[in-house]
Amino acid sequence: MIKTLLAATMTAIACCAAALADDAGTQLKGDQIAQELVGHKYKVVTPKGLEWVGIYNADGTAMYGGRAGAWRVDGDLLCVHATAKPEICTAVYKTGDGKYQLMQPGGGKDATLTQE
């Protein structure tokens, strides 16, 4: 009985973990981040509901809601730096055609990007 209960619990945990991973989409790795994001305008929505339009340029510059900034890829993370703000690095997950979810290193959701 204990083995059956343990097996059922493990199956439920695996099922839930897979569902959470599917919600996040597919994580972009290294150069995939630049290949997917460069040169497109995005509607950015923060977890607090703030919205703006941004663009990542091939030369590492960016515009975030009318503010100049910079971006770079560090391993499998997108690192962004807007004027007067500290650099923030997040994982990038592709959730659909032209749609991305940024995830904080601790696993919390960050901004969403939707290609315009």
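Author: Happy to chat! A term to start with: a disulfide is a pair of cysteine sulfur atoms within 2.5 Å.

Reader: Good. How many disulfides does the structure hold, and which residues does a disulfide join?

Author: This is a predicted model, where local features need pLDDT of at least 70, side-chain atom pairs count only at pLDDT 80 or more, and totals for chains, interfaces and linings use all residues. Residues are numbered from 1 along each chain as its sequence is written, and side-chain values use heavy atoms, with hydrogens and water left out. The structure holds 1 disulfide, joining Cys79 to Cys89 with an S to S distance of 2.0 Å.

Reader: What handedness does the link of Cys79 and Cys89 have?

Author: The link is right-handed, with 110° about the S-S bond. Cys79 lies in strand β6 (residues 77–82) and Cys89 in strand β7, so the pair ties together parts that are 10 residues apart in sequence. Helices (H or I, at least four residues) and strands (E, at least two) are DSSP runs, numbered from the N terminus.

Reader: Is Cys79 buried or exposed?

Author: Cys79 is buried, with a relative accessible area of 1%. Buried means under 20% relative accessible area, exposed over 50%, and partly exposed in between (1.4 Å probe, protein chains only).

Reader: And what is Cys89 in contact with, leaving aside its neighbours within four places in sequence?

Author: Its partners there are Leu77, Leu78, Cys79 and Pro105, where contact means heavy atoms within 4.5 Å.

Reader: Switching to charges: how many salt bridges are there?

Author: The structure holds 5 salt bridges. A salt bridge is a side-chain nitrogen of Lys or Arg within 4 Å of a carboxyl oxygen of Asp or Glu. One of them pairs Glu36 with Lys94, with the closest N and O atoms 3.2 Å apart.

Reader: How accessible is Glu36, and how accessible is Lys94?

Author: Glu36 counts as partly exposed at 23% relative accessibility, and Lys94 counts as partly exposed at 28%.

Reader: New topic! How do β7 and β8 run, and how many bridges join them?

Author: They run antiparallel, and 5 bridges join them; two strands pair if DSSP finds at least two bridges between them. β7 and β8 form a hairpin with 2 residues between them, and Gly98 in the turn has a positive phi of about 75°. On to strand β9 (residues 109–115): 4 bridges join β8 to β9, and these strands also run antiparallel. Their hairpin has 5 residues between the strands, with Gly107 taking a positive phi near 105°.

Reader: Last one: which elements have the lowest and the highest mean pLDDT?

Author: Helix α1 (residues 2–24) has the lowest, at 42, and strand β8 (residues 99–103) the highest, at 98; pLDDT is the predictor's confidence in each residue, from 0 to 100. Over residues 1–22 the pLDDT is below 50, and beyond near neighbours in sequence this stretch has 0 contacts in the model. Where pLDDT is low, the predicted coordinates should not be read in detail.
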